[in-house]
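Here are some notes on charged side chains for you to follow. Please keep the sequence and the 3D view open as you read.

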Amino acid sequence: MADPQKITAAEFAAKSKKRRDIEGPIHEAILAHLRARFPQFAGTIHHSPNEVDMKGPQAQRMVVKAKRLGMQPGWPDIHMLWHGNFWAFEVKAPTGRVSEAQREAGAAIIAAGGKWAVVRGTADVDRCVDDWQSEARCLVPVVGQINDRPILPVAPG
């Protein structure tokens, strides 16, 4: 009589087959694109892992620790700083949907003065970045004063 707890290698392989990662390659392409487009800001382009690709007690402990250390549900996949502007990108596969937590995180970022967008490829990123750069160039913030004259920041470019 076969032990119901034991399975063959073929059965194990079939059960443990992972979903095809469609979003991952898009995410990697966007990161590479942003770093190539903004080499001087490459150090400010970041991904905060917000999920654990594991199961079981170890994964549970990792999630609890991450939450304790400040992990926020729905936080965008990629974010960067550009001349004091915070840009956040939620990367989605062509048919991917935005969760409620992601919408809430996006709304909070926008309310705090940052920019947030759902992107499905580098063309989406370029459209957002072009728009956001144009907006930022229209706003000339004063960073201080000397002898009652405003000190303007170095123009982005």
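**Notes on the salt bridges**

1. Start with Arg127 and Asp124. Their side chains form a salt bridge, with N and O 2.4 Å apart. Both residues sit in helix H5, 3 residues apart, so about one helical turn separates them. Keep in mind that this model is predicted.

2. How many salt bridges does the structure hold? The count is 5. The points below go through other charged residues that take part in such contacts.

3. Look next at Glu135 and Lys115. These two form a salt bridge, and their closest N and O atoms are 2.5 Å apart. Glu135 belongs to helix H5, which covers residues 122-138, while Lys115 belongs to strand E4, residues 115-119. The pair therefore ties together parts that lie 20 residues apart in sequence.

4. Are Glu135 and Lys115 buried, partly exposed or exposed? Glu135 has a relative accessible area of 37%, so Glu135 is partly exposed. Lys115 has a value of 28%, so Lys115 is partly exposed too. The cut-offs matter here: buried means under 20%, and exposed means over 50%.

5. Now find Lys92 and Glu90. A salt bridge joins them, with 3.8 Å between the closest N and O atoms. The cut-off for a salt bridge is 4 Å, so this pair counts. Both Lys92 and Glu90 are buried.

6. Finish with a group of three. Which residues does a network of salt bridges link? They are Arg37, Asp126 and Asp130. Pick out Arg37 in the 3D view, then locate both Asp residues of this network.

Technical notes. Residues are numbered from 1 along each chain as its sequence is written. This is a predicted model: local features need pLDDT of at least 70, side-chain atom pairs count only at pLDDT 80 or more; totals for chains, interfaces and linings use all residues. Side-chain values use heavy atoms; hydrogens and water are left out. Buried means under 20% relative accessible area, exposed over 50%, partly exposed in between (1.4 Å probe, protein chains only). Helices (H or I, at least four residues) and strands (E, at least two) are DSSP runs, numbered from the N terminus.
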